[in-house]
Amino acid sequence: MKFFLDTANIDEIKRINDLGLCDGVTTNPSLINKEGRDFEEVIKDIASTVDGPVSAEVTSYDYEGMVKEARELAAWADNVVVKIPMTEDGLKATHTLAQEGIKTNVTLIFSVSQGLLAAKAGATYISPFIGRIDDMGEDGLRLIAELREVLDIYGLDSQIIAASIRHIGHFEGAALAGAHVATIPGTIFPKLWSHPLTDKGIEGFKKDWDAFTKR
Ligand code: G3P
């Protein structure tokens, strides 16, 4: 499974990239807004920091607007992937962009049907929002497993990005369910390497080493 960072914060990205654990980045209008920086500047900054794909989302919702914006975004850097919302116009735009060789990430996927349609339209990535599905009292991780099964049965090339990850259980569950990618918020990522028993173990070893060296 690849690890993407779900953030537009360059410090969070650099921290994980320095560990060799950042395979790519996803952003959305809310994450860009949070940074308070110019959209183009942030995306170019991220795209030159990481080697992998960087998703930048269109803000138009009509077919012509999405395609126009997508072509502009894709020209910002070679590794920009254009995020397209899962709508009829979004599917049409995804199909057009696939024919032009522009990579897309179809976002706001909440059902197997939506994922299957986006994959058939030519999406490079499809992004089911598992946390938001759980918020509805449904099972986000089940959707990941079902999408993976459907893509495999029909030999579709789209990769599943498990998005809207809120906790370690989502990350581990996405890995087990066969997500190709997990996109992890910068605030959640450090929790993946932490464990209270690791901290306790280190504390015990330190204490015993101190006692040994004072003998
Ligand atoms: O990748 C999608 C993500 O940014 C949305 O997360 O927690 O707002 O549902 P959340």
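Is Ser127 buried or exposed? Ser127 counts as buried because its relative accessibility is 2%, where buried means under 20% relative accessible area, exposed over 50%, and partly exposed in between (1.4 Å probe, protein chains only). The structure is a predicted model, in which local features need pLDDT of at least 70 and side-chain atom pairs count only at pLDDT 80 or more, while totals for chains, interfaces and linings use all residues. Residues are numbered from 1 along each chain as its sequence is written, and side-chain values use heavy atoms, with hydrogens and water left out.

**Overall architecture**

- The chain contains 11 helices and 8 strands; these are DSSP runs numbered from the N terminus, with helices (H or I) of at least four residues and strands (E) of at least two.
- The C-alpha trace of the chain spans about 75 × 40 × 30 Å along its principal axes.
- Of the 215 residues in the chain, 47% are buried.

**Ligand site**

- Asp6, Asn28, Phe129, Arg132, Ala163, Ser164 and Arg166 are the residues around the ligand, a residue being near a molecule if one of its heavy atoms lies within 4 Å of it.
- This shell divides into 2 nonpolar, 2 polar and 3 charged residues; Ala, Val, Leu, Ile, Met, Phe, Trp, Tyr, Cys and Pro count as nonpolar, Asp, Glu, Lys and Arg as charged, and the others, Gly among them, as polar.
- The side chain of Asn28 places an N or O atom 3.0 Å from an oxygen atom of the ligand.
- For Ser164, a polar side-chain atom lies 2.7 Å from a ligand oxygen atom, and for Arg166 the corresponding distance is 2.9 Å.
- The ligand taken alone exposes 310 Å², of which the protein buries 80%; accessible areas come from the Shrake-Rupley method with a 1.4 Å probe.
- The ligand takes up the space of the largest pocket. On a 1 Å grid over the protein atoms alone, a pocket is an open set of points where a 1.4 Å probe fits, with protein on both sides within 12 Å along at least five of seven lines.

**Polar contacts between side chains**

- Ser127 is placed in strand 6 (residues 125-128), and its side chain is joined to that of Asn105 by a polar contact of 2.7 Å. A polar contact is a pair of N or O atoms within 3.5 Å; within protein, one must be able to donate a hydrogen and the other to accept it, and residues adjacent in sequence count only if both atoms are side-chain atoms.
- Thr26, in strand 2 (residues 24-26), is buried, with a relative accessible area of 1%.
- The side chain of Thr26 makes a polar contact of 2.8 Å with the side chain of Asp6, and Asp6 is one of the residues around the ligand.

**Backbone with positive phi**

- Most residues other than glycine have a negative phi.
- Ser164 has a positive phi, near 60°. Ser164 is found in the loop between strand 7 (159-162) and helix 9 (168-177) and counts as buried at 12% relative accessibility.
- Leu108 also has a positive phi, near 65°. Leu108 belongs to strand 5 (residues 104-109) and is partly exposed, with a relative accessible area of 32%.

**Strand 8**

- Ile184 has its place in strand 8 (residues 181-184) and is buried, with a relative accessible area of 0%.
- Ile184 and Thr59 are 125 residues apart in sequence and 22 Å apart in space, C-alpha to C-alpha.

Technical notes:
On a 1 Å grid over the protein atoms alone, a cavity is a set of points where a 1.4 Å probe fits but cannot get out, and a pocket is an open set with protein on both sides within 12 Å along at least five of seven lines; lining residues have an atom within 4 Å of a point. A molecule sits in a cavity or pocket if more than half of its atoms lie within 2 Å of its grid points.
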